[in-house]
Structures are given as C-alpha cells and as structure tokens.
Amino acid sequence: MFQLKFDETKCFACETNDCLTKCQYLKIDPDTAKIEIKKIINKKDSFVLHECVTCYACEEYCPTGNHPFYLIVQRQEELNILPLPDPLIKRGIRIGIPFRGEPDIQEIKGPALNLGVFSSLATLTRGKLFEGLTLMSADSRKMFHYFCQLMYLHFGRISVINERLEKIIETIAAHKVKEVVHFHDECYGTYTSYAPAFGFAVPFKSIHLFEYLYNRLKELKSEIKPLNFKVAYQRPCSSRLSSDKYQFVDKIFDLIGAEHVKREYVGENALCCGGTILGQKKKGSRQFSLDLQKKNIDDMQRAGAQICVFNCPACMQTIGKPVAKKGMMPVFMSDLCRLAIGEKTS
Ligand code: SF4
Ligand code: SF4
C-alpha cells in the first residue's frame, strides 16, 4: 500500500550521480556509479547493495531529493541481501514491536515533546529550555508506542517500517497535537522525509530539536554566559534525512559561545559513529568500524576539541567512552545548551 515515490527519470538525466560518487565508504567513480544506479533501479544485483554500510548519507548527497538510500534498502529486502546477520534481524524486529498494551493517550495542549523509544532521555529535558513542552510519554513501559521504527533501515527491512508506521502516527495524533518537537533526528526524519516519500499522511507539524533549542535560546539570550569551549559535533546518520536543519548546529554554537573546531570529517563529510557497522555480516566489519571510529575521534582531537557534542543516544553509546579516553568530554547538545544558561546538567 505504501510505495516509495522514486523518479527514475531524474536518475537517467543525472549528470553527477552524487548519491554514489560522494559515498565515503564505497569509493565509486562516475562511470561505475551510472551503471550501478541503473542496476539498482532495475532490481538487479549490485555490489552497492552488499557493501552499503547504511550511513543514510546518499539521501543528503542526491541533489534532486530522489531518496536513493530508501531505494537501496528496498532492493536489499526484495533481493534478500541483508546487511545484518539473520538472527540479529529477527531479534531486532521482535524487540521493536510497538503495539503491546495500550498507550496512555491524553490531550496535549500546546507543543508536545516526542522522545521516541528513548524514554531515558527525559532527564535531559528538564529546565527552562523545555518549559512549555509536554512530554508525549516518558513511561519506559509505553515507549514502543512512539518508536518511529526507522532503525529498520539498518536491517534492510522497509516492510517492517511500513507495517507499523501508520499506527504510530495515529498514536501521536491521538494526543490532538498540532506541533511536535522531536528530540531524535531519527523521529524527525521519519515524519518529514520517510513518511512523505512513502505516502504516509502526517497530521501534525514536526519541529527539529535543534531549531527548537535555537529559538528558545534566543528567547533566553540575556541568561546566556558564553561557554568558550572548543567543540566537535558527532553527526548521527539520521540527520542526513533533514540536512536543511544542520545549519542549527552552528547557529546554536555561535549563540552559546562555543567554537566549532575546523576538521576534516564535518558537515557533509561527517563520519558515522560505526555502531551499526560493528554488527554487520560482511567479513571485517568489526575492524572496519573500529578503524572508522579511530579516524573520526583522532580528527576531533587533532582539531583541538575539548567537548564532543552528541544528539543521538546510540552514537553516544558507541563512541562516548572512546572520546572521553582521548580527553574530550562527551555531552548531549541539550545539556550543552543548559550549561550555557547556567543550569546544572544530569
Ligand atoms: S538518486 Fe539522485 S544523485 Fe543518484 S542518480 Fe538519481 S538523481 Fe542522481
Ligand atoms: S547509505 Fe551511505 S554507505 Fe550506503 S550507499 Fe548511501 S552513502 Fe554509501
């Protein structure tokens, strides 16, 4: 019922094939890119389907908004070329079942705050920055009712997302919310990129956490004391689905007096935290992931970062400790903003 809207004619007219030539992991020249994208469109096997590390970045690289990553994942499923070992996929799909029991639906007046599956993030949403927002649910037993399911892109399982997403949208809408601030890039990307790409209707407006924080910090500007820290930012894979919101990283840093260090793996060139790659079934994936993490963290350190800023709990879990071992403090963006207005953080 829900079908990817993918315009093949854009690809046939495409001169750059940026989706594949800019891929930082596969190293594809323009001629090969042209051939491989055609194979993928035509449901033929392609080495891209086997080698893709599911970093989401081609969604950002495509200049026409044609959703090459969603197409890659769809083909992986159709051709049974799965990035993770089968037992891990089966277990992961079972864990994320969203509809056990009933959610606690209460009408929310004003903007809502959605933590998705990460109820533990509730401790990060205290204080003035979040005044006026109502948490949709912070009950850890109910969190799967709000689990956007986009994680299954890493599993090569578009069908699981499409089976579950409509009901999750209904659950959020049942709160009668007009505006929802999504804490995680993955949720924001679900409702503003994935849902329209597959034809899901979303009856609420989505606001990216960083846009919200920036506007709230402007309201609290008189309370900001410049932090004077040098910071690096670990960009999560799902932020590639909303690259127009990436500008708020620098806008926030400027506002709170944090210096975003100049480094190689930043912005479009950002490297994935390696968390998903660790478990992939390709031979050598674990070592590849560890090397990637080292390259990324060394780059932050070389650039003189004192703090590594995160937004994704999975990135924090994957490289928070290695970052700290290199002498940089791992801090969530929301906590950094709270520090700037003189609040104690968790
Ligand atoms: S997906 Fe985008 S970048 Fe890739 S070939 Fe098609 S139009 Fe070009
Ligand atoms: S998702 Fe990442 S690794 Fe996969 S093809 Fe796109 S850019 Fe390359």
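The model is predicted: local features need pLDDT of at least 70, side-chain atom pairs count only at pLDDT 80 or more, and totals for chains, interfaces and linings use all residues. Residues are numbered from 1 along each chain as its sequence is written, while chains are lettered from A and ligands numbered from 1 in the order in which they are written. Helices (H or I, at least four residues) and strands (E, at least two) are DSSP runs, numbered from the N terminus.

- An open sheet of 4 strands has the order 2-1-3-4, with parallel pairing; two strands pair if DSSP finds at least two bridges between them.
- Strand 2 (134–135) and strand 4 (205–208) are the edge strands, each pairing on one side only.
- Strand 1 (residues 112–114) and strand 3 (residues 179–182) run parallel and are joined by 3 bridges; Ala112 has Val180 in strand 3 as its bridge partner.
- Helix 10 packs on this sheet, where it touches strand 3 and strand 4, and its direction makes about 70° with that of strand 4.

- Strand 7 (residues 307–310) pairs with strand 8 in the parallel sense over 4 bridges, and Ile307 has Met329 in strand 8 as its bridge partner.

**Helix 10 and helix 11**
- The axes of helix 10 (residues 209–219) and helix 11 (residues 247–255) are 9 Å apart, and the two pack at an angle of about 25°. Axes are lines fitted to C-alpha atoms, for helices over the stretch in contact, and angles run from 0 to 180 degrees between N-to-C directions.
- The two helices are therefore roughly parallel to each other, a term for angles under 35 degrees.
- Phe210, Glu211, Leu213, Tyr214 and Leu217 of helix 10 meet Phe248, Val249, Lys251, Ile252 and Leu255 of helix 11; contact requires C-beta atoms, placed from the backbone, within 7 Å.
- By class, this contact has 8 nonpolar, no polar and 2 charged residues. Ala, Val, Leu, Ile, Met, Phe, Trp, Tyr, Cys and Pro count as nonpolar, Asp, Glu, Lys and Arg as charged, and the others, Gly among them, as polar.

**Ligand 1**
- The residues around ligand 1 include Cys11, Cys14, Cys19 and Cys62; the criterion is a C-beta atom, placed from the backbone, within 6 Å.
- The shell has 6 nonpolar, 3 polar and 2 charged residues.

Definitions and conventions:
Parallel < 35°, antiparallel > 145°, perpendicular 65-115°, else oblique. Contact = placed C-beta atoms within 7 Å.
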